[in-house]
Amino acid sequence: MPIPFELTLGWRYTRAGRATRRNGFISFISGVSMLGIALGVAALIIVLSVMNGFQKEVRDRMLGVVSHIEIFAPDGAALPDVARTMREARTNPQVIGAAPFIAAQALLARGEDMKGAMVRGIDPAHEAEVTDLVVGMKDTALARLVPGEFGVVLGGELARSLGVQQGDKVTLVAPSGQVTPAGVVPRLKQMTVVGTFDSGHYEYDSTLVLMHMLDAERIFRLEGPTGVRLRLKDLHQAPEVAAELARTLTDNLLIRDWTRQNRTWFAAVQVEKRMMFIILTLIVAVAAFNLVSTLVMTVTDKRADIAILRTLGASPASIMGIFVVQGAMVGVIGTLAGLGLGLLVAFNIDVIVPAIEHLLHTTFLPRDVYLISRMPSDPQQGDIVPIAVISLVLAFAATLYPSWRASRVNPAEALRYE
């Protein structure tokens, strides 16, 4: 099957021979446009991959502490029937783990230091089903959470702020006090620190206190767990599963999935990602519309060729197709080069960044300042495909006006001074 002459001439003009200085300049401008598109596409892929990586890293660390879904009674009361709630929740095919818990707030004191704390009463035998945090502590700190001994496991930052370590005593102050003739006296209970944990998430490391659920029931005067925590096969299905459980559970309970617990943070990340996409897309747009000047100069330089083609019977649509092919070739090559470069960097950023840090003798993410000490990357198809499509569309759009001008060249006027 013969190749259409529009494709042949378009590709030839893209390469722009070096016979004259003008042709060489046009080729240089075309190469600059191609390079600009490639760098813009690569920058978009790298930046969005890094932002995805940070979001995934923080999300995974957060989900190491919180569960995918929490079911709890209103006003912090005990659940009417914990066993039935867990049984009904497990009937959902997405639920792969369930564990009861008690959630309460208290003050933790050591000497003159006092810190606010989120107390979580857990069942050590089932907690590993719903969070990854306790997997490593199952045979160590969690094994020391024995009912009646009132042991606690503190977040690492909370323990450091109080200056305590394993074996030290702390005082837990419950919010609801005891009524005495002298007034309301807060309930105090001396607890033993049996271990610490570091989740990598400052909010939880600085406030969370784990204790045995039976001890929490006695301290906060509860008749049972205040909620049930669930783990799902697919964490991204949490909102849908929460809506289904709200319809199927017998008791009128409150249900909260992990996306609602940190909605502000996730919304801020999405806004930042969207703005970075728009800003970096402008770089691709500038590079793509450099094709306008490239094609305008090419059309001016090739007026005699266009006139000859017209006299040989070429239609205006064919002339337009030649220059559309030329611009599209630049856009396609630039986009493919940018995709290759961007994906190469995105998939190897864990090697590239340490090499640059070693070369410059610096650290981009100091461990004592940032939550994450390494540069994460998570390239996603949902970002890469739109980037490629937008780049190609912008490059194609930039070819339309110069190509239309080429199709309007009058052969008689173009050949008058040749």
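**Exercise 1. Find which residues lie nearest the centre of the largest pocket, and describe its lining.**

Step 1. In this predicted model, 22 residues line the largest pocket, and Glu-70, Phe-101, Ala-103, Met-118 and Arg-256 lie nearest its centre.

Step 2. The elements that contribute two or more residues to this lining are β1 (69-72), β2 (95-110), β3 (113-122), α5 (202-205) and β9 (254-257). The largest share, four residues, is from β2.

Step 3. Sorted by class, the lining has 12 nonpolar, five polar and five charged residues.

Step 4. The space in the largest pocket is about 530 Å³.

**Exercise 2. Work out how helix α11 is oriented relative to helix α12, and which residues meet.**

Step 1. Helix α11 covers residues 316-347 and helix α12 covers residues 349-360. Their axes come within 5 Å and cross at roughly 75 degrees.

Step 2. Angles of 65 to 115 degrees count as roughly perpendicular. α11 and α12 are therefore roughly perpendicular to each other.

Step 3. On the α11 side, Val-345, Ala-346 and Phe-347 make the contact; they meet Ile-349, Asp-350 and Ile-352 of α12.

Step 4. By class, this contact of α11 with α12 has five nonpolar residues, one charged residue and no polar ones.

**Exercise 3. Decide where pLDDT stays under 50, and how to read that stretch.**

Step 1. For the protein chain, the mean pLDDT is 80, and 84% of the residues reach 70 or more.

Step 2. Over residues 17-22, pLDDT stays under 50. The model has five contacts beyond four places in sequence for these residues.

Key: Residues are numbered from 1 along each chain as its sequence is written. This is a predicted model: local features need pLDDT of at least 70, side-chain atom pairs count only at pLDDT 80 or more; totals for chains, interfaces and linings use all residues. Side-chain values use heavy atoms; hydrogens and water are left out. Axes are lines fitted to C-alpha atoms, for helices over the stretch in contact, and angles run from 0 to 180 degrees between N-to-C directions. Angles under 35 degrees count as roughly parallel, over 145 as roughly antiparallel, 65 to 115 as roughly perpendicular and the rest as oblique. Contact means heavy atoms within 4.5 Å. Ala, Val, Leu, Ile, Met, Phe, Trp, Tyr, Cys and Pro count as nonpolar, Asp, Glu, Lys and Arg as charged, and the others, Gly among them, as polar. pLDDT is the predictor's confidence in each residue, from 0 to 100. On a 1 Å grid over the protein atoms alone, a cavity is a set of points where a 1.4 Å probe fits but cannot get out, and a pocket is an open set with protein on both sides within 12 Å along at least five of seven lines; lining residues have an atom within 4 Å of a point. Grid points are joined across faces, edges and corners, and a volume is the space filled by probe spheres set on the points.
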